[in-house]
Amino acid sequence: MSVMQLRVSTNWDPELPKRLSHLQVSGLYGKLADDVIGGCRPSFLLPQVSREQVAAHVRDCHAAGLKFSYLLNTTCLNNIHYTRQGYASIRELVDWLAEIGVDSLTVAMPYLVRLIREHYPGFKLTISSAARVNSVTRARQFEDMGADEIIIDEMQNRDFATLQAISQAVDCGLELIANPCCIWECPQQIEHVNHDGHASQTQSHNNYCYLQYPYLVCTSQKLLEPENIIKARWIRPEDLADYEALGIHSFKVVERFKTSQALCLAAEAYSHRSFDGNLVDLLTLPNRGSFLPPNLEYFNKPDTVDPAAIAPVAELMDFSFSDILNIPNKALDGFLDFFKEHDCRRLSCDSCGYCRSIFRQVAELDRQAAEERGREFADFAARVSQGRIF
């Protein structure tokens, strides 16, 4: 029987590999704040590390008995791969990753799957959740391209029938994101990943002032309608066995801009399959003390935006969900059973009401504070879409 294993995001803390090595962690993953390919997080949110620091971190992982995966999981290259210079830059980056001993690459674009399989057969190749593998057919197609592992679209985390069907249909490894908190079936999902990809590409991320419009909107939704947090497709540490029963034994713990304390807290909870605390502390929700400070200097771009108009972004980022919301994790025992019998894709949340009722039963919310902060996020999002930032 396969043993459960975790892959944990890195913040490049040199001590992090050693701190995680005694847990059920098989490896870490991360990427430069920006490179020619880009990934699923904007550069200003990530630690600004050098190539030398990345190489040292890979060595630290190996010394601690951990593998390292580098993310190349953008969904759009802005067609630079059809230029001589762009193609050469992509090859140079992957050449360097091979030289420093990176074990695996995580990609979303079929073009990159094929390029890496053809020129770099030594890498283990993982398909990113950004590729939205959500069916047997798509999983089989990526496996046929040469994928060694697929991170399934996190929106499938409570679709047990689909997960089981994919697990039975492929021979490659499967992984689930353990602690996401994206809005259920968010219509901004594709837009957000594309935005973040361009906002982490060396050749483009400084050409504009990226204000994370999708994040502003979804955060306001979580505050104004906090049952959205229950609807999100996180997996409790106590429920890992339900997924192992489907043949899935690998789980990914996010987020790359969390503090080492927050990353270790989550890794320990999932390793021990138990967490007696506020579920909010495990999820990808902003929390002071859990998130590293963003690179606010990035927003100093008077040639692209009005600095006074975007000044509120700093205060919006200095915010903690845990100050206003407590969801006792242990109060959710048995919560997952509902989804084994119900298909959310064929239900209206308004008519179902399950997640809303669970939220009302277990959550402790400062509703006034949540609504005030939610309106602030919504107002700033409107400022962006109305062009009042210029």
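C40 is buried in this predicted model, with a relative accessible area of 9%, where buried denotes under 20% relative accessible area, exposed over 50% and partly exposed in between, for a 1.4 Å probe and protein chains only. The sulfur of C40 lies 10 Å from the closest cysteine sulfur, in C182, and is therefore too far away for a bond, a disulfide being defined as a pair of cysteine sulfur atoms within 2.5 Å. C61 likewise takes part in no disulfide, since the nearest cysteine sulfur, that of C264, is 12 Å away, and C61 is buried with a relative accessible area of 0%. By this rule, the count of disulfides comes to 0.

Because the model is predicted, local features are reported at pLDDT of at least 70 and side-chain atom pairs only at pLDDT 80 or more, whereas totals for chains, interfaces and linings use all residues. Residues are numbered from 1 along each chain as its sequence is written, and side-chain values use heavy atoms, with hydrogens and water left out.

Strand 8 (residues 250-253) is covered on both faces, with S250 and K252 buried on one side and F251 and V253 buried on the other; strands here are DSSP runs of E of at least two residues, and helices are runs of H or I of at least four, numbered from the N terminus. In a regular strand the side chains alternate between the two faces of the sheet. Strand 1 (residues 5-9) runs parallel to strand 8 and is joined to it by 4 bridges, pairing being assigned if DSSP finds at least two bridges between two strands. Within this pairing, V253 of strand 8 is the bridge partner of V8. Strand 7 (residues 173-177) also pairs with strand 8 in the parallel sense, over 3 bridges, and here S250 is the bridge partner of E175.

In helix 4 (residues 110-119), the buried residues include L112, V113, L115 and I116. An α-helix has 3.6 residues a turn, so residues three or four places apart point the same way. The cover over the buried residues of helix 4 includes strand 3 (67-72), helix 3 (84-99), strand 4 (104-107), strand 5 (124-127) and helix 5 (136-145).

I229 is located in helix 9 (residues 227-231) and, at 0% relative accessibility, counts as buried. Apart from neighbours within four places in sequence, I229 is in contact, that is, has heavy atoms within 4.5 Å, with C181, K222, W234, L283, L285, F321, L325 and I327. I229 and L163, which are 66 residues apart in sequence, are 22 Å apart in space, C-alpha to C-alpha.
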